[in-house]
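The entries follow in the order in which I checked them.

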Amino acid sequence: MLSWPATLTEFWSWNVEAACRAVDISLFYSPEGERGPRKRRRERAAKEICARCQVAEICAAFAVATHEPYGTWGGLSEDDRRKLWRRTDQATAQLGYRQALADWERRTA
């Protein structure tokens with residue numbers, strides 16, 4: 001059975017490789033009251049960065065497992081994640097993150 005990482009550093013180890021670290025983080029979060037075409041354009045631009053990111057899979061798995069309510073994570077918008085949460089139980093989502101983290105650690109070891 002896969003376990004949760006022992007330390008916060010291990011839990012976030014993948015984050016140092018995230019493509020979003022090189023851009024303005026506000027691109028990934030909706031300003032108050034944003035909706036419609038403006039929101040879709042911003043989310044599309046954020047997802048384009050995620051599409052080139054080497055840790056997008058683990059980032060998305062983290063956001064789904066932790067029920068991250070805000071922003072675009074691993075190419076998944078808030079709406080995308082809400083749809084996944086309706087179809088995925090919490091234990092499965094957490095296992096998905098632990099597996100993605102273990103896979104990433106094996107690739108980078």
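I began with V55: leaving out residues up to four places away in sequence, V55 touches W14, E17, A18 and W104, where contact means heavy atoms within 4.5 Å. The model is predicted, so I noted that local features need pLDDT of at least 70, side-chain atom pairs count only at pLDDT 80 or more, and totals for chains, interfaces and linings use all residues. Residues are numbered from 1 along each chain as its sequence is written, and side-chain values use heavy atoms, without hydrogens and water.

Of its 21 residues, W14, V55, I58, W73 and Y97 touch the most other members. The elements giving two or more residues to this core are α3 and α5, and α3 gives the most, with nine.

Next I checked how helix α3 (residues 56–65) packs on helix α5 (residues 90–108): the angle is about 155 degrees and the axes are 8 Å apart. Helices are DSSP runs (H or I, at least four residues), numbered from the N terminus; axes are lines fitted to C-alpha atoms over the stretch in contact, with angles from 0 to 180 degrees between N-to-C directions. The two helices are therefore roughly antiparallel, a term for angles over 145 degrees.

Last, I looked up C50, which lies in helix α2 (residues 36–51). C50 is buried, with a relative accessible area of 10%.

Conventions: Buried means under 20% relative accessible area, exposed over 50%, partly exposed in between (1.4 Å probe, protein chains only). Angles under 35 degrees count as roughly parallel, over 145 as roughly antiparallel, 65 to 115 as roughly perpendicular and the rest as oblique. A nonpolar core is a set of buried Ala, Val, Leu, Ile, Met, Phe, Trp, Tyr and Cys residues joined through side-chain atoms within 4.5 Å.
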